[in-house]
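Subject: Structure handover

Hello,

Here is the structure for you to look over. My notes on what was found in it follow below.

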Amino acid sequence: MAWAVMNWGLFKIIYRHTGEIGLDSGWHEHEFFIFLGTIWIINSLIQTLFMANAAEFSELIRTGNLDFALLKPIDTQFLISFPRINWSQLPNGILGGMLIAHSLRELMQEREIYFSVFSIPAFLFFIGCGAVVMYSVMICLASTSIWFGRNQNLYNFWFYITNFYRYPMEIYQRSGVGMALWGTFTFVVPILVVSNIPARILAQPLGTPWKSWEWGLAAYAIIGSLWSLMASRWVFKQALKSYRSASS
Amino acid sequence: MPDFSRLLVPDKPIYNPKMPTIEIKNLSKTYRVYQKQEGLIASIRGLFHREYREVHAVKDINLTVEEGEFVAFLGPNGAGKTTTLKLLSGVINPDQGSVQVLGHTPWERENEYRRKFALVMGQKNQLWWDLPAMESFRLNQHIYCVPKDEFERTRDELCEMLNVTNLLGRPVRELSLGERMKMELIAALIHKPDVLFLDEPTIGLDVVAQHKIQEFLKAYQQEQNNTILLTSHYMKDIEALCKRVVIIANGSIYHDGSLEDIVDQFSGDKIVTLQLHDDRSLEAISKIPNLIEIDAPKIKFRVDRDGVGRVLSQILAEHAVDDIVVEDPPLEEVISNVFSQAEEKSRREATHSNSR
């Protein structure tokens with residue numbers, strides 16, 4: 001929670017110096033804080049539901065206790081993904097929800113925001129897509145433990161990768177390197193799409209109605225979530241084939 | 001008219017009760033093990049160039065086990081016993097060969113197969129460490145889809161047999177090793193498996209706990225008529241439970257037969273203990289070859305199996321003897337000899353194949 005507050009404080013300072021991140025991107029202060037709140041919610045979901053389990057998975061491989069998960073007549077990926085819930089990470093998500101509510105209220109006093117009965121369900125649906133993509137990334141990272149024997153840097157890798165999805169995608173679209181990162185994290189590992197789409201539903205940085213490319217990205221977020229889940233499952237199954245089971 | 005008969009042909013072989021419960025053909029598993037050298041420089045060098053050694057954990061094993069058999073897997077450490085059990089339970093994939101257990105290929109990890117067997121490892125723990133064993137049993141009930149009534153009946157029966165009913169509510173971390181192993185057995189048996197793989201279930205237990213678990217396994221197997229493969233380094237386990245013994249060394253099966261066969265085949269001696277009537281006889285006999293110990297008025301010595309009658313009649317003709325005991329050497333000693341012979345054979349074979 002302290003990290004979330006510091007994060008918020010940092011961007012508060014940045015917005016003292018600039019009115020908008022990116023030229024004509026529409027990501028002014030309140031729009032951006034809606035984006036930030038969305039990220040906190042997705043992160044909180046992942047850290048509450050999967051992070052401790054992914055770290056535990058690495059330990060199961062190192063000690064050979066994954067044997068018991070493989071013996072059970074139940075999907076192994078399901079069994080290792082959900083044994084524990086880390087409730088201590090949930091407050092960050094609640095804080096994210098509060099930040100979104102506050103920023104949205106401020107935003108509505110500045111300009112008109114279009115809401116329909118589908119806005120909140122659509123926002124929650126795309127948050128779900130985000131959680132699916134981030135879960136898939138985590139499963140792929142955790143599966144590498146089977147090949148390497150252990151993966152103590154899971155948290156570090158997670159931090160490096162999630163660093164790229166914490167910002168609006170417009171910031172990448174100004175240089176060659178940026179475009180390469182944008183392409184990678186949009187089409188190969190679609191983490192940018194799933195953080196940007198739910199935030200755009202509420203913040204509407206470019207106003208309403210949505211541009212056609214925004215609709216295209218929303219459709220791609222759904223396809224990307226399914227694709228990520230299937231890819232992570234394939235990686236997990238391939239990794240299991242190489243499982244050696246630590247000696248007893 | 002469309003031909004529907006093809007639809008009746010199953011994709012996978014259906015288990016025929018007349019088939020052996022376990023059928024292993026030419027099973028092999030080799031591990032590639034990184035040879036790390038000592039020191040920082042060697043570690044840095046290891047980033048660019050690594051040396052590996054191939055460990056043939058299981059080599060071309062063929063084995064058939066029928067329904068209701070209780071088979072012991074014996075072998076020195078690193079012989080390939082646990083690897084074989086892991087292959088049979090589908091935890092790891094083989095490099096070559098085929099295995100059918102109850103008509104299933106284990107490493108395909110079909111749920112139908114996983115509901116029919118259990119693996120208990122004496123050195124690993126499947127119970128939730130911080131929760132009472134009861135919670136783990138309940139989880140297994142749901143995972144294995146055991147109806148509530150059946151689950152409660154089986155749990156109560158097993159708890160009663162192992163005398164642990166009063167420990168069900170205690171966190172696993174607070175149980176003794178023996179109590180924990182009993183709970184591990186219950187967790188593994190809650191779905192009444194047809195095939196049970198036991199990997200050193202009595203390791204580290206005191207003699208009382210060992211004996212209790214032996215008694216339980218014997219009674220349970222007789223009642224359920226399930227097929228059990230057991231690895232253990234305690235000969236008491238083997239003597240108490242298994243009629244058939246498979247000796248495995250360096251990944252290959254060295255002997256497959258009854259315990260009596262092993263003693264007959266691999267122990268050329270008998271141990272004779274005499275209680276003599278007077279010290280004069282004791283002094284005379286003490287010069288006998290292969291003397292083991294003298295604890296007056298008793299003397300213990302080793303005699304060639306075929307020569308027992310001759311030696312005893314000679315002694316009885318010349319000395320007054322109060323008591324005679326003729327017995328096989330301790331099983332541990334016989335098995336140890338078998339292991340040495342098996343390892344020597346493997347070494348010779350390895351040298352032979354390297355020289356070719």
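Predicted model: local features only at pLDDT ≥ 70, side-chain atom pairs only at ≥ 80, totals over all residues.

Next, strand β7 of chain B, residues 227-231. Five of its five residues are buried, so β7(B) is largely enclosed by the rest of the structure. The burial applies to both faces: Thr227(B), Leu229(B) and Thr231(B) are buried on one side, and Ile228(B) and Leu230(B) on the other.

- β3(B), residues 70-74, runs parallel to β7(B) and is joined to it by four bridges; Val71(B) stands opposite Leu229(B).
- β6(B), residues 195-199, also pairs with β7(B) in the parallel sense, over five bridges; here Leu198(B) stands opposite Leu230(B).

In general, the strands of a sheet pair through backbone hydrogen bonds, in either a parallel or an antiparallel arrangement.

Now the pockets. The largest pocket holds about 1,000 Å³ of space. Its lining consists of 37 residues, and those nearest the centre are Arg244(A), Ser245(A), Ser247(A), Tyr31(B) and Val33(B). Elements of both chains supply at least two residues each: α2 (29-63) and α6 (119-148) of chain A, and β1 (22-34), β2 (52-65) and α2 of chain B. The most comes from β2(B), which gives seven residues. By type, the lining divides into 13 nonpolar, 13 polar and 11 charged residues.

The second largest pocket has about 820 Å³ of space. Of its 29 lining residues, Glu56(A), Leu60(A), Pro83(A), Gln126(B) and Trp128(B) are the closest to its centre. Two or more lining residues come from each of α2, α3 (66-71) and α4 (76-81) in chain A and from α4 (133-143) in chain B. Here α2(A) gives the most, with six residues. The lining of this second largest pocket divides into 17 nonpolar, seven polar and five charged residues.

A last item concerns a single residue. Is Thr83(B) buried or exposed? Its relative accessible area is 14%, and the cut-off for buried is under 20%, so Thr83(B) counts as buried. Thr83(B) is placed in helix α2 of chain B, residues 81-88, an element that also supplies at least two residues to the lining of the largest pocket. Leaving aside neighbours within four places in sequence, Thr83(B) is in contact with Lys29(B), Tyr31(B), Ala57(B), Val58(B) and Ile92(B). Of these contacts, Tyr31(B) is also among the residues nearest the centre of the largest pocket.

Regards

How values were computed. Residues numbered from 1 in each chain as written. Chains lettered and ligands numbered in written order. Heavy atoms only, no water. Buried < 20%, exposed > 50% of the residue type's maximum accessible area, 1.4 Å probe, protein only. Contact = heavy atoms within 4.5 Å. 1 Å grid on protein atoms, 1.4 Å probe; cavity = no way out; pocket = protein on both sides within 12 Å on 5 of 7 lines; lining within 4 Å. Points joined across faces, edges and corners; volume = space filled by probe spheres on them. Nonpolar A, V, L, I, M, F, W, Y, C, P; charged D, E, K, R; others polar. Pairing = 2+ DSSP bridges.
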